Amino acid sequence: MATALTTENLSRRRLSQGTRHTINGLLFASPWIVGLLAFWIYPTLASAYYSFTKYNGVRNPQWTGISNYVELFTNDSEFLDAVYNTVYFAVVSIPLAIIFAFGLALMLNAKIRAQVVYRTIYFLPTLVPEVALALVWLFIFTPHSGLIAAPFRAFGMRGPCWLTCAEWARPTLVLLALWIIGQQIILYLAGLQDVPQDLYDAADVDGANFLSKFRNVTVPILTPVIFFHLVTSVIGALNFFAIPYIMTGGTGFPANSTLFYSIYLYKNAFHYLVMGYASAMAWLLFVFTLVVTLLIWRSARLWVFYAGGEE
Amino acid sequence: MAVESSQLPPTLADDQSRRLLIKRVKGMVRSTLIHAGLIPAAFVFLLPFLWMLSTSLKPDVQFYSYPPVLIPSPLQWSNFPDAVTYITFFLYMRNTLSIAVLATVGVLISSSLVAYSLARIPWPGRNILFILTLATLMLPFQVTMIPLFIVFKNFGWVNSWLPLIVPHWFGGALYIFLLRQFFMTIPMELSEAARIDGASELKIYYSVLLPLSKPALATVAIFEFIARWRDYIGPLIYLSDQELYTLSLGIYEYQSQYGAEWGLLMAASVMITLPIILLFFFLQKTFVQGIALTGIKG
């Protein structure tokens, strides 16, 4: 700025600094650049290729065109069962999870005693190894003799068959998945604590009651959290694996009602060793996840409210 | 109300104290109602743990007794020593710990380096890299599962801990995102000043950024440790030798063709769960902040 000489000096220094930044940036990011290529990009492309082949993981893949995909939709009733179970699980469990997590966070947000204790208790199931949780539930939900049967027996009833019959197994798993919403409760709670108090004060001045404050202030401010919860839980629900797998050993018992998409995919890959077929399933799942996520994303402008006014 | 106030001297102070009293009563009613909602919910959330603990102290004959027994008598403490000898419990615990610690150390080092690059060094490709990083969060793990298995098989790594540890030394997308967001909140002037003093980027990373980021690093460490401690599908795919098993796989050995040893199984479950609950109890604040951080839009 001062003299031509220093400006020139500066610009030369900036140029070399720019190069230095690029080198440093690449060096610091290099573990992840390698990781991204080796553990994400290459496998994603490889599984796309496998999905068009017959491949048992030992011999070289043989190109078979789209026959895996055709087979899935035309000649595999287990696949259709798995799709149905997974969609059922997602459609029923996600709205319930949103309602329960939001509701509990609302109650926790009131300045009450023992808030930390409640929060800890609600969070516990998300910390426990899924194996331990699944086995305890299996024990509790033993029909007619488990803990869950006790209230029914008290009234002389037999109670539902829970995980042992097809019509109850799906709703039971939805119910069990609702135990694991501790993280979401904390997210909503953090969101609630960010609601500016003056919005409520203004509503009070206007004479708004509890319900209209909830509808017109709390919910709009929390829509970004609901949005985040929705997007992440779609992926989570479509990947539902460990708990049903542990409970049933992956058999899908009873009558394939607990055969979820991830379980069937895993069995195809590692039990039946039809890895091309399983890769086709994986890619269908990927495309489906992308489409659903994009739809939710596109819908966001209709219902998600950003306080800052911009994205 | 009107009658009451006419009996009392209508001073301003009195009026105020009555209003305070009404407010107090209202508050008490409200908090009672809230507790009436929260307590049953807490009971439901605690139920699996209570039943786990209760069963772990029961003799076999009481498992399915009706009406159910919550506090068994006598307490069968022997389930605990029996549980650790019935299977090689401590071996599995050591294996789980080894994998979790090694993966956590790796993810901390690599993710913080990458996050530093994305947040603190201005270089042309960094936005693309950041978008790719977020994109991997949308990718179902099944898509990469099979090719990765083939790659690790070709390396001769199947049936070893390496596939469960090594990938974590190359960074984790969620943690890179978290740490990047945190690093961005630290004033750039600190880096600029250090650069003018001639400090290298590595030095700035090590002696300026890391000391200021302890809470975020702690969050990453806890999240990763618990994720590895709970991991089920990783060991399921890669480990077949019993000596390498983690607790998630080893716990099956309480089940035999004659049925499950529920007392031992629950005692083991208590021992697996307890360390994590204690960890959470002492590090609550870090946890809560960390989860809140994941919800912040990038």
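Modeller: A term to begin with: pLDDT is the predictor's confidence in each residue, from 0 to 100. This is a predicted model, in which local features need pLDDT of at least 70 and side-chain atom pairs count only at pLDDT 80 or more, while totals for chains, interfaces and linings use all residues. Residues are numbered from 1 along each chain as its sequence is written, and chains are lettered from A and ligands numbered from 1 in the order in which they are written.

Biologist: What is the mean pLDDT of chain A?

Modeller: For chain A the mean is 89, with 94% of its residues at 70 or more. Residues 1-8 of chain A, however, have pLDDT below 50, and beyond near neighbours in sequence this stretch makes one contact in the model, where a contact means that the C-beta atoms of two residues, placed from the backbone, lie within 7 Å.

Biologist: How many residues do chain A and chain B each put into their contact?

Modeller: Chain A contributes 76 residues and chain B contributes 74. On the chain A side, helix H1 (residues 4-50) gives the most, with 20 residues; helices (H or I, at least four residues) and strands (E, at least two) are DSSP runs, numbered from the N terminus.

Biologist: And what sort of residues are on that side of chain A?

Modeller: That side of chain A has 58 nonpolar, 16 polar and two charged residues, where Ala, Val, Leu, Ile, Met, Phe, Trp, Tyr, Cys and Pro count as nonpolar, Asp, Glu, Lys and Arg as charged, and the others, Gly among them, as polar.

Biologist: Switching to chain B, what is its secondary structure?

Modeller: Chain B has 15 helices and two strands. Its radius of gyration is 27 Å, well over the 19 Å that the globule rule gives for 298 residues, so chain B is more spread out than a compact globule; the radius is taken over C-alpha atoms, and the rule is 2.2 Å times the number of residues to the power 0.38. Along the principal axes, the C-alpha atoms of chain B fill a box of roughly 90 × 70 × 35 Å.

Biologist: Which domains does chain B have, and how many residues link them?

Modeller: The assignment for chain B gives domain 1 (2-62) and domain 2 (82-294), with bounds that come from an automatic or database domain assignment. Their C-alpha centres lie 40 Å apart, and six residues of domain 1 of chain B are in contact with six residues of domain 2 of chain B.
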